Amino acid sequence: MPTALVTGASSGLGRALTRALAEDDWDLVVDARNAEALRQATQDLGPRVRAVPGDITDPAHRQALFEAAPDLDLLVNNAGGLGPSPLPALGEIPLGALEDLYRVNVIAPLGLIQLFLKTLAAHSGTIVNITSDAASGVYPGWGGYGSSKAALEQIGAVLGAECTGGVRVYSFDPGDLRTPMHQMAFPGEDISDRPLPESVVPAFRRLIQERPPNGRYPAADLSEGIHQ
Ligand SMILES: NC(=O)c1ccc[n+]([C@@H]2O[C@H](COP(=O)([O-])OP(=O)(O)OC[C@H]3O[C@@H](n4cnc5c(N)ncnc54)[C@H](OP(=O)(O)O)[C@@H]3O)[C@@H](O)[C@H]2O)c1
């Protein structure tokens, strides 16, 4: 069976993608910092889902993930941060908070890519970096988070050009989702009109099964079908 690593699997999108991949008979290694929340999110998925709690910004944890899944076929860089809430304007964002955000949204995903690239190349594997429309949309308050996702997208695009083997590299934009992170972006607001993370699972499945050319794929476009 193929093996996938999904970071940030205890909540939101990562939880939904983990459940879908488990249904599709993948072996899985998953993480999140809160070990108990991760255990609760995965306890009914059976022994083929292995929880390795930790912080992706910690190189030792990334190494533990590598050792748990040395024969990886699919890397889903899903775990990420939003930064301070309410979202501060760029003129006021604390630089330390921005550094933390870049560490989790940019450096850590690239660190995982570097560890797994050889094995992914050997398996003609797939890298999916979860991005956001804030990577290119100009929304006041979203400059810290959006610029981190822009960096992640550019890493994916250049990596795709550098990977001459069979590795595919995608930026997957799920669109707005009803998750704890999204609630943090809109504190005190009713976000019940946003779709649940499960709504983008068919688009994600299509991406990894049909394996279109490297690139950026919004879930909304994938639900229309892939035109190569
Ligand atoms: N929700 C949206 O509307 C939306 C839209 C576009 C893109 N996205 C992207 O989708 C991805 C998932 O977001 P979400 O909305 O599902 O968020 P979420 O519900 O808050 O879940 C985030 C997950 O990541 C884990 N995590 C956070 N920091 C981590 C770290 N340093 N190391 C390991 N795990 C960590 C969290 O668990 P712990 O806190 O226990 O670590 C949790 O499992 C993110 O990359 C986000 O930017 C979301």
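User: How many residues surround the ligand?

Analyst: Going by this predicted model, where local features need pLDDT of at least 70, side-chain atom pairs count only at pLDDT 80 or more, and totals for chains, interfaces and linings use all residues, here's the picture. Numbering starts from 1 along each chain as its sequence is written, and side-chain values use heavy atoms, leaving out hydrogens and water. The closest residues are Ser10, Ser11, Asn78, Tyr145 and Thr179. Counting residues with a heavy atom within 4 Å of the ligand, the total is 30.

User: Which residue has a side-chain N or O atom 2.7 Å from a ligand oxygen?

Analyst: Polar contacts here are pairs of N or O atoms within 3.5 Å. Leu177 uses a backbone N or O atom, 2.8 Å from a ligand oxygen, and Met181 also uses a backbone N or O atom, at 3.4 Å. The side-chain one at 2.7 Å belongs to Arg33.

User: Which element gives the most residues to the shell?

Analyst: Elements are DSSP runs numbered from the N terminus: helices (H or I) of at least four residues, strands (E) of at least two. Those giving two or more residues are α1 (12-23), α5 (143-162) and α6 (180-185). With three residues, the top contributor is α6.

User: What is the angle between the planes of Trp142 and Phe186?

Analyst: Rings of Phe, Tyr and Trp (its six-membered ring) pair if their centres lie within 6.5 Å; planes under 30 degrees apart are stacked, over 60 edge-to-face, the rest tilted. Trp142 sits in the loop between β5 (126-130) and α5, and Phe186 in the loop between α6 and α7 (201-210), so the pair ties together parts 44 residues apart in sequence. This pair is tilted, with 6.0 Å centre to centre and an angle of 45°.

User: Which residue is joined to Ser85 by a cis peptide bond?

Analyst: Look in the loop between β4 (74-77) and α4 (95-122). Omega is about 0° there, and the partner is Pro86.

Technical notes: Polar contact = N/O pair within 3.5 Å; in protein donor to acceptor, adjacent residues only side chain to side chain.
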